[in-house]
Amino acid sequence: MRHNKKFNHLGRTHAHRAAMLSNMATSLIMHKRIFTTVAKAKALRKYVEPMVTRAKEDTTHSRRIIFADLQNKYAIKELFGVVIPKIGDRPGGYTRIIKTGFRQGDNAAMCFIELVDFNENMLKDKAKAAAPKTRRSRRKKSDDVAAAPEAQTEQSAKEETKEEA
């Protein structure tokens, strides 16, 4: 019986699937974005997100547990040194999947999977959206122009009193 075995096996044996996910997770951490099929990206998301949550606590124990999964010391250094300081304050949702269409050869659904705060294009869009939009009327400009000559006359009056003294 196959009760309660709902995750996607991706057409691979357990060892092959574990090695593939480990390699994909290492590539994602090192390059911040990888191009793959939607099914693999969804499986990778379930593999990487708990790893990033564990990495928020920078202890020897958490480093060893993550190293047991990744088997790459450069990826560990990148995860704890670059990735966690940037996305560590999030409560979850460290990856984003962006669907890109279908592969030409076998029509498989393709996508990007990326770490959230490392996409410069998305960050620029947020900065533009966050800028407040102000409305300026012509009255304010005319008031400023009217106020400017008054300020000049006040300054000239101060200068005249200094000269007299």
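Thr-37 has its place in strand 1, which spans residues 33-37; here helices (H or I, at least four residues) and strands (E, at least two) are DSSP runs numbered from the N terminus. The model is a predicted one, in which local features need pLDDT of at least 70 and side-chain atom pairs count only at pLDDT 80 or more, while totals for chains, interfaces and linings use all residues. Residues are numbered from 1 along each chain as its sequence is written, and side-chain values use heavy atoms, with hydrogens and water left out.

With a relative accessible area of 12%, Thr-37 is buried (buried means under 20% relative accessible area, exposed over 50%, and partly exposed in between, with a 1.4 Å probe and protein chains only). Its contacts, leaving aside neighbours within four places in sequence, are Arg-103, Ala-108, Ala-109, Met-110 and Cys-111, where contact means heavy atoms within 4.5 Å.

The overall architecture comes next. The protein has six helices and three strands, and from the N terminus on these elements follow the order α-β-α-α-α-β-β-α-α. Of the 165 residues in the protein, 28% are buried. The accessible surface comes to about 12,200 Å², and carbon and sulfur atoms account for 53% of this area; accessible areas come from the Shrake-Rupley method with a 1.4 Å probe, and for residues only the protein chains shown count as cover. Among contacts between residues at least 6 apart in sequence, 57% join residues at least 24 apart.

At 40% relative accessibility, Arg-54 counts as partly exposed. Beyond its neighbours within four places in sequence, Arg-54 is in contact with His-61, Ser-62, Ile-65 and Ile-66. Between Arg-54 and Ile-66 there are 12 residues of sequence separation and a C-alpha to C-alpha distance of 7.9 Å.

Most residues other than glycine have a negative phi, and most peptide bonds are trans. Just after helix 3, Gln-71 takes a positive phi of about 60°. Gln-71 lies in the loop between helix 3 and helix 4 and, at 55% relative accessibility, counts as exposed. Asn-4, which is not a glycine either, also has a positive phi of about 60°. Asn-4 belongs to the segment before helix 1 and is exposed, at 74% relative accessibility.

Tyr-94 is found in the loop between helix 4 and strand 2 (95-102) and is buried, with a relative accessible area of 1%. Leaving aside neighbours within four places in sequence, the contacts of Tyr-94 are Glu-49, Val-52, Thr-53, Lys-56, Ile-87, Glu-114, Leu-115 and Val-116. Met-122 is found in helix 5 (residues 120-130). At 30% relative accessibility, Met-122 counts as partly exposed, and it touches Arg-96 and Ile-98, not counting residues up to four places away in sequence.

Finally, the largest pocket holds about 240 Å³ of space. Helix 1 and helix 2 are the elements that give two or more residues to its lining. Phe-7, Asn-8, His-14, Arg-17, Ala-18, Leu-21, Ala-39, Lys-42, Ala-43 and Lys-46 line this pocket. On a 1 Å grid over the protein atoms alone, a pocket is an open set of points where a 1.4 Å probe fits, with protein on both sides within 12 Å along at least five of seven lines, and lining residues have an atom within 4 Å of a point. Grid points are joined across faces, edges and corners, and a volume is the space filled by probe spheres set on the points. The lining divides into five nonpolar, two polar and three charged residues, where Ala, Val, Leu, Ile, Met, Phe, Trp, Tyr, Cys and Pro count as nonpolar, Asp, Glu, Lys and Arg as charged, and the others, Gly among them, as polar.
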